[in-house]
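I set out to record what I looked up in this structure, entry by entry. The entries move from the overall fold to single residues.

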Amino acid sequence: MPKKVFFCIGTQDMNDLRINVVRSHKMTHEDHGGYFSPFIWEAAARGGDDSIKKLIDTQIQASSASVVLIGTNTYDQRWVKYEIFRSMRKGNKLLGIHINGIEGRDGRGKPLGPNPFSYLGFAYSADGTEFIPQEYRDEVWAPFTDIPPYKVKQVPEQHRNKIITLTKIAKTYNWVSDKGALNFPQWVE
């Protein structure tokens, strides 16, 4: 059974043709896989942070895989970080796809952007019963405050009190060199 895909997209990438190449893949073409049109996003933004979170949460709840479309500055976008951590909490399959190699309006690609999974991680509390989202900012790891720590089944002692980057749990692909048009369905399954 195909998965319903939620696309995590940085605001600077919303008007970029590169995202359209991925989100219009035949696998997600019918419902655009959790992509918010700029009009829906702007309406939620007028309602403030809680309205944006509600919009994101509702879409993630209806999905089974979350795909981060990695552009130039995606790694540093607050709402992409929120989408990633909400996807993890829900239990979605999580992966990233570099899109800067796709030809843009100018007919050229761009250098790949930094992988957001390198700048996000998590820690377990000292007693191993809380999951604490983390972000790497200003050369230090700190809690990601938009997602508070939450209870989990107790983890073994060796996993507690250390940062685990998301690169350890989420694969990243390049749409162009990894032949995304052909392989995308396998990536999200």
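The notes below concern a predicted model.

**Overall layout.** I began with the secondary structure and found five helices and nine strands in the chain. Read from the N terminus, the elements follow the order β-α-α-α-β-α-β-β-β-β-β-β-β-α. I then looked up burial: of the 189 residues in the chain, 47% are buried.

**The open sheet.** I next examined a sheet of four strands, which is open and has the order β1-β2-β3-β9 with parallel pairing. Which strands stand at its edges? They are β1 (5–9) and β9 (171–174); each has a single partner strand, so one side of each lacks a neighbour in the sheet. On average, and with direction ignored, neighbouring strands of this sheet are turned by 25° against each other. Within the sheet I looked at β2 and β3, which run parallel and are joined by six bridges. For V67, I noted L95 in β3 as the bridge partner.

**Residue C8.** I looked up C8, which lies in strand β1. Is C8 buried or exposed? Its relative accessibility is 0%, and because buried means under 20%, C8 counts as buried. I also checked C8 against I60: the two are 52 residues apart along the chain, and their C-alpha atoms are separated by 9.9 Å.

**Helix α3.** I first tested the length of the helix. At 1.5 Å a residue, its 13 residues (49–61) should span 18 Å, and the end C-alpha atoms are 18 Å apart, which agrees.

**Aromatic pairs.** I turned to the rings and counted twelve aromatic pairs, with ring centres within 6.5 Å as the criterion. One of them is formed by Y75 and Y119; this pair is tilted, with 4.7 Å centre to centre and 45° between the planes. The pair links distant parts of the chain, 44 residues apart: Y75 is in the loop between β2 (65–70) and α4 (78–90), and Y119 is in the loop between β3 (93–98) and β4 (120–124). I recorded Y75 as partly exposed because its relative accessibility is 23%. Y119 also counts as partly exposed, at 27% relative accessibility.

I then looked up F122 and Y124, an aromatic pair that is edge-to-face, with 5.5 Å centre to centre and 75° between the planes. F122 counts as buried at 5% relative accessibility, and Y124 counts as buried at 15%.

In my last entry I noted a charge over a ring: R89 lies over the face of Y150, at 4.2 Å from the ring centre.

Conventions. Residues are numbered from 1 along each chain as its sequence is written. This is a predicted model: local features need pLDDT of at least 70, side-chain atom pairs count only at pLDDT 80 or more; totals for chains, interfaces and linings use all residues. Side-chain values use heavy atoms; hydrogens and water are left out. Helices (H or I, at least four residues) and strands (E, at least two) are DSSP runs, numbered from the N terminus. The expected span of a helix is 1.5 Å times one less than its number of residues. Rings of Phe, Tyr and Trp (its six-membered ring) pair if their centres lie within 6.5 Å; planes under 30 degrees apart count as stacked, over 60 as edge-to-face and the rest as tilted. Buried means under 20% relative accessible area, exposed over 50%, partly exposed in between (1.4 Å probe, protein chains only). A charge sits over a ring if NZ of Lys or CZ of Arg is within 6 Å of the ring centre and within 35 degrees of the ring normal. Two strands pair if DSSP finds at least two bridges between them. Axes are lines fitted to C-alpha atoms, for helices over the stretch in contact, and angles run from 0 to 180 degrees between N-to-C directions.
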